[in-house]
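Hi there,

Here is the structure I promised to pass along. Have a look at it first, and then read on for what turned up.

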Amino acid sequence: MEKHILILGSRGQLGAQLVRALAMSGRVIAPAERLDITDRAALEAAITAYRPQWIVNAAAYTAVDRAEDERDQAFAANGTAVGDIGALAKRHGARVIHFSTDYVFDGQGTRPYREDDATGPQGVYGASKLDGERRLQESGAEHWILRTGWVYGLYGNNFLRTMLKLAREREALKVVADQHGAPTPTTLLADVTRRIVEQPDAVAGGLYHVAPRGETTWHAYAQRAIGLAGEGVMGKNFKLGPAQVEAIASTAYPTKAKRPMYSVLSTAKIEAALGVEMPDWDGELQRFVAQLQAAAGF
Ligand SMILES: NC(=O)c1ccc[n+]([C@@H]2O[C@H](COP(=O)([O-])OP(=O)(O)OC[C@H]3O[C@@H](n4cnc5c(N)ncnc54)[C@H](OP(=O)(O)O)[C@@H]3O)[C@@H](O)[C@H]2O)c1
């Protein structure tokens with residue numbers, strides 16, 4: 001029988017990629033109307049109606065700075081609702097794939113974070129995502145939690161898109177150079193999700209870190225992206241190049257929520273489970289920008 005895969009948050013940057021990536025893995029159900037995951041009755045009605053074997057939750061409250069003022073909303077979507085998804089999945093015999101964040105860590109680490117390293121969120125968003133992890137783990141549902149960071153893709157908003165837009169509008173840019181992480185394409189997250197849906201017995205349920213190998217800073221990432229895009233047809237409209245991207249300290253760019261200074265994730269566990277190495281972040285970025293160049297030049 002064809003698997004029913006219910007995707008929550010299908011209009012977000014990751015959700016939109018998942019809808020496409022899972023299309024051949026079963027019958028994808030992505031409700032056209034936004035299904036509010038904080039509405040437990042609506043969730044239950046959807047699960048009863050669609051009878052999914054899989055619930056893939058890409059819905060989340062992701063406004064990291066606003067969360068500092070909207071604690072209740074952040075915890076409702078990222079915490080309580082994730083527990084509800086777990087409880088309903090258990091009752092209806094569905095498996096859950098859920099996404100979490102590098103912001104669960106305090107950022108004081110000096111080597112890539114492993115799944116069993118101590119957490120210590122610096123802000124409300126990270127704390128709410130950690131609450132969701134715990135609630136899903138305690139729900140008793142069979143689940144996979146994929147922690148990731150610095151996500152970019154074709155759909156929705158992300159740092160990369162902002163940098164490429166600013167390269168068309170400004171003659172100089174300042175970007176923080178003392179936060180370390182790995183830019184993660186939605187395609188990588190969707191590929192790992194697909195592998196789990198297709199071969200759940202090969203990847204034991206639990207918590208996994210998913211990101212490309214290697215690390216960079218927001219500043220070096222912005223420079224690299226603008227350099228790659230600037231070399232091709234997209235660069236025709238650029239007002240600046242990598243040399244005009246100035247490195248600044250986080251202290252010179254204050255944000256409401258504190259970010260971890262170091263949030264590189266060790267991917268040894270997911271690599272062992274899948275039997276593949278994660279690609280490196282720069283190669284993934286090159287591949288992504290090449291796609292954008294091809295589309296721009298068409
Ligand atoms: N973006 C990153 O850099 C990053 C890093 C680490 C982890 N993650 C995690 O990756 C996952 C996907 O994030 P993303 O980057 O795709 O974020 P996104 O583009 O902001 O997408 C999140 C989606 O969730 C929806 N949503 C929010 N509250 C909801 C609710 N109560 N009910 C139903 N839908 C709701 C949003 O819809 P509306 O816009 O209509 O509210 C949006 O479409 C999340 O779990 C996030 O925490 C992201």
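Which element gives the most to the shell around the ligand? That is strand 4, with three residues. Please keep in mind that this is a predicted model.

Let me start with the ligand. In this model, 22 residues surround the ligand, and the closest are L14, R34, T62, Y125 and K129. By class, that shell is made up of 10 nonpolar, eight polar and four charged residues.

The side chain of T62 has an N or O atom 2.6 Å from an oxygen atom of the ligand. For Y125, an N or O atom in the side chain is 2.7 Å from a ligand oxygen. The side chain of K129 likewise places an N or O atom 2.7 Å from an oxygen atom of the ligand. Taken alone, the ligand exposes 900 Å², and the protein buries 77% of that area. Two or more residues of the shell come from each of these elements: helix 1 (13–21), strand 4 (95–101) and helix 4 (124–139).

Now for how some of the helices pack. Two packed helices are described by the angle between their axes and the distance between the axes.

How do helix 1 and helix 6 lie relative to each other, parallel or oblique? Their axes come within 9 Å and cross at roughly 50°, with helix 6 covering residues 186–198. Helix 1 and helix 6 are therefore oblique to each other, and their crossing is right-handed.

The other pair is helix 2 (residues 40–50) and helix 3 (residues 71–92), whose axes come within 10 Å and cross at roughly 30°. Angles under 35 degrees count as roughly parallel, so helix 2 and helix 3 are roughly parallel to each other. Helix 2 passes helix 3 in a right-handed crossing.

Best wishes

Methods: Residues are numbered from 1 along each chain as its sequence is written. This is a predicted model: local features need pLDDT of at least 70, side-chain atom pairs count only at pLDDT 80 or more; totals for chains, interfaces and linings use all residues. Side-chain values use heavy atoms; hydrogens and water are left out. A residue is near a molecule or strand if one of its heavy atoms lies within 4 Å of it. A polar contact is a pair of N or O atoms within 3.5 Å; within protein, one must be able to donate a hydrogen and the other to accept it, and residues adjacent in sequence count only if both atoms are side-chain atoms. Accessible areas come from the Shrake-Rupley method with a 1.4 Å probe; for residues, only the protein chains shown count as cover. Helices (H or I, at least four residues) and strands (E, at least two) are DSSP runs, numbered from the N terminus. Ala, Val, Leu, Ile, Met, Phe, Trp, Tyr, Cys and Pro count as nonpolar, Asp, Glu, Lys and Arg as charged, and the others, Gly among them, as polar. Axes are lines fitted to C-alpha atoms, for helices over the stretch in contact, and angles run from 0 to 180 degrees between N-to-C directions. Angles under 35 degrees count as roughly parallel, over 145 as roughly antiparallel, 65 to 115 as roughly perpendicular and the rest as oblique. A crossing is left-handed if the near helix is turned anticlockwise from the far one by less than a right angle, and right-handed if clockwise.
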